Amino acid sequence: MSNVLPFKRPSPKQKHKGKTLCRSGFHKWEVVTSQQFDVKQGKLVTRYKCKRCGEEKVEAH
């Protein structure tokens, strides 16, 4: 059997879900705990990733 493809297009509400807040600067930051030490800077860093759009930011201690 082959894979079944969905033929229904996503509605504009589903397509743009969570993007309007991030575009206005209201990200939903989450701490990423997989890498806490930056080799280039030689410092402990905290990596944040937005839950909605996936943008990342790094904060050094």
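Arg47 counts as buried, because its relative accessibility is 18% and the cut-off for burial is under 20%. The model discussed here is a predicted one, and in it Arg47 belongs to strand E3, which covers residues 43-50.

If neighbours within four places in sequence are set aside, Arg47 is in contact with Glu30, Val31, Val32, Ser34, Gln35, Glu56, Lys57 and Val58. With one of these, Glu56, the side chain of Arg47 makes a polar contact at 2.9 Å.

## Thr46 in strand E3

Thr46 also lies in strand E3, and Thr46 is buried, with a relative accessible area of 14%. Not counting residues up to four places away in sequence, Thr46 touches Val31, Lys57, Val58, Glu59 and His61.

## The salt bridges

Side chains of opposite charge can pair when their charged atoms come close. How many salt bridges does the structure hold? There are 2.

In one of them, the side chains of Arg47 and Glu56 meet at 2.9 Å, taken from N to O; Arg47 is buried, whereas Glu56 is partly exposed, with a relative accessible area of 43%.

In another, the side chains of Lys51 and Glu30 meet at 3.6 Å, again from N to O. Lys51 lies in the loop between E3 and strand E4 (56-60), while Glu30 lies in strand E1 (residues 29-32), so this pair ties together parts that are 21 residues apart in sequence. Lys51 is exposed, with a relative accessible area of 52%, and Glu30 is partly exposed, at 40%.

Key:
Residues numbered from 1 in each chain as written. Predicted model: local features only at pLDDT ≥ 70, side-chain atom pairs only at ≥ 80, totals over all residues. Heavy atoms only, no water. Helix = DSSP H or I, 4+ residues; strand = E, 2+ residues; numbered from the N terminus. Buried < 20%, exposed > 50% of the residue type's maximum accessible area, 1.4 Å probe, protein only. Polar contact = N/O pair within 3.5 Å; in protein donor to acceptor, adjacent residues only side chain to side chain. Contact = heavy atoms within 4.5 Å. Salt bridge = Lys/Arg side-chain N within 4 Å of Asp/Glu carboxyl O.
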